Amino acid sequence: MTVTDRTRIKICGVTKPADVDAAVEAGADAIGLVFYPPSPRAVSVAAARALAARLPPFVTPVGLFVNADDEQIDAVLDSIPGMLLQFHGDEDAAECERHLHPYLKAARMQPGFDLLDFAARFSTARGFVLDAHVEGYGGAGEVFDWSLIPPGVQRPVVLSGGLHAANVIRAIEQVRPWAVDVSSGVESSRGVKDAAAIRRFCDAVREADARLAAAEA
């Protein structure tokens with residue numbers, strides 16, 4: 001399998017050094033740091049800086065924001081300059097672009113949502129995180145109907161929403177995303193990551209990639 005065919009893995013909502021270490025050891029490509037105070041997975045700037053400092057080269061810290069003000073985002077970028085931004089709120093394209101920093105934009109999938117129009121409006125995004133449309137922000141660990149994803153999205157698709165080791169193989173086989181993003185699916189309780197679950201999830205992603213490679217050989 002070529003590197004472009006490999007499904008990337010993001011472990012989101014890490015809060016402890018052990019979470020970072022488990023993600024790295026399991027082979028994750030990115031960790032997600034949540035800067036949304038209502039979330040049980042929210043971290044302070046100081047804590048995030050310490051967590052990001054544990055990352056080896058080529059594992060990316062991603063900062064998740066929900067309708068954050070410029071001061072908050074700038075404070076995070078000052079502390080972690082190499083962070084990829086991820087916007088999960090009602091931000092428009094101008095708000096996402098004003099920091100002059102690479103970003104992902106979350107799309108809340110539901111029947112009638114036009115992802116291609118959304119992608120055109122956020123044409124400067126590096127990719128789109130597809131999550132379930134639920135009350136509040138974030139997918140709340142719910143799976144959405146993957147058939148809602150149209151062909152022809154011109155940016156990498158990061159599949160999120162209710163993924164775990166038992167369904168991620170089917171998700172990758174059906175959607176063929178650039179990356180998968182998991183949070184609650186690798187937790188022992190709400191907001192508490194489980195190293196064994198992280199390992200199982202990453203192993204399942206590699207199994208999906210191996211199956212696809214074998215099928216296409």
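Reply: Let us begin with a term: angles under 35 degrees between two axes count as roughly parallel, and over 145 as roughly antiparallel. Please keep in mind that this is a predicted model.

Me: How are helix H1 and helix H7 oriented to each other?
Reply: Helix H1 covers residues 17-26 and helix H7 covers residues 195-216; their axes come within 9 Å and cross at roughly 25°. Angles under 35 degrees count as roughly parallel. H1 and H7 are therefore roughly parallel to each other.

Me: What is the handedness of the crossing of H1 and H7, and how many nonpolar residues does their contact have?
Reply: The crossing of H1 and H7 is right-handed. On the side of H1, Asp19, Ala22, Ala23, Glu25 and Ala26 take part, and they meet Ala195, Ile198, Arg199, Cys202 and Arg206 of H7. Sorted by class, the contact of H1 with H7 has 4 charged residues, no polar ones, and a nonpolar count of 6.

Me: Where on H1 do its buried residues lie: on the same side or on opposite sides?
Reply: The buried residues in H1 are Asp19, Val20, Ala22, Ala23 and Ala26. Around the axis they cover an arc of only 165°, which puts them on the same side of H1.

Me: Which residues are exposed on the other side of H1?
Reply: The cover over the buried residues of H1 includes strand S1 (8-12), strand S2 (30-34), H2, strand S10 (192-193) and H7. On the other side of H1, the exposed residues are Ala18 and Glu25.

Me: How many charged residues does the contact of H6 with H7 have?
Reply: The crossing of H6 and H7 is right-handed. From H6 the contact draws on Val168, Ile169, Ile172 and Glu173, and from H7 on Phe201, Ala204, Val205, Glu207, Ala208, Asp209, Arg211 and Leu212. By class, this contact of H6 with H7 has 8 nonpolar residues and no polar ones, while the charged residues number 4.

Me: Why are the buried residues of helix H3 said to line one face?
Reply: In helix H3 (residues 70-79), the buried residues are Ile73, Val76 and Leu77. Seen down the axis of H3, they line one face of the helix because they fall within an arc of 95°.

Me: Which residues are exposed on the other side of H3?
Reply: Among the elements that cover the buried residues of H3 are helix H2 (45-52), strand S3 (60-65) and strand S4 (84-87). On the other side of H3, the exposed residues are Glu71 and Asp78.

Me: Which residues does Gln72 touch, not counting those up to four places away in sequence?
Reply: Gln72 belongs to helix H3. Its relative accessible area is 26%, so Gln72 is partly exposed. Not counting residues up to four places away in sequence, Gln72 touches Phe35 and Phe65.

Me: How does Asn67 count in terms of accessibility?
Reply: Asn67 lies in the loop between S3 and H3. Its phi is near 50°, a positive value in a residue other than glycine. The cut-offs are under 20% for buried and over 50% for exposed. Asn67 has 39% relative accessibility, so it counts as partly exposed.

Me: What value is phi of Arg176 near?
Reply: Arg176 is found in the loop between H6 and strand S8 (179-182). At 49% relative accessibility, Arg176 counts as partly exposed. Phi of Arg176 is a positive value in a residue other than glycine, near 55°.

Me: Is Val158 buried or exposed?
Reply: Val158 has its place in strand S7 (residues 157-159). Leaving aside neighbours within four places in sequence, Val158 is in contact with Phe128, Val129, Leu130, Ala179, Val180 and Asp181. Its relative accessible area is 7%, so Val158 is buried.

Methods:
Residues are numbered from 1 along each chain as its sequence is written. This is a predicted model: local features need pLDDT of at least 70, side-chain atom pairs count only at pLDDT 80 or more; totals for chains, interfaces and linings use all residues. Side-chain values use heavy atoms; hydrogens and water are left out. Axes are lines fitted to C-alpha atoms, for helices over the stretch in contact, and angles run from 0 to 180 degrees between N-to-C directions. Helices (H or I, at least four residues) and strands (E, at least two) are DSSP runs, numbered from the N terminus. Angles under 35 degrees count as roughly parallel, over 145 as roughly antiparallel, 65 to 115 as roughly perpendicular and the rest as oblique. A crossing is left-handed if the near helix is turned anticlockwise from the far one by less than a right angle, and right-handed if clockwise. Contact means heavy atoms within 4.5 Å. Ala, Val, Leu, Ile, Met, Phe, Trp, Tyr, Cys and Pro count as nonpolar, Asp, Glu, Lys and Arg as charged, and the others, Gly among them, as polar. Buried means under 20% relative accessible area, exposed over 50%, partly exposed in between (1.4 Å probe, protein chains only). The arc is that of the directions from the helix axis to the C-beta atoms.
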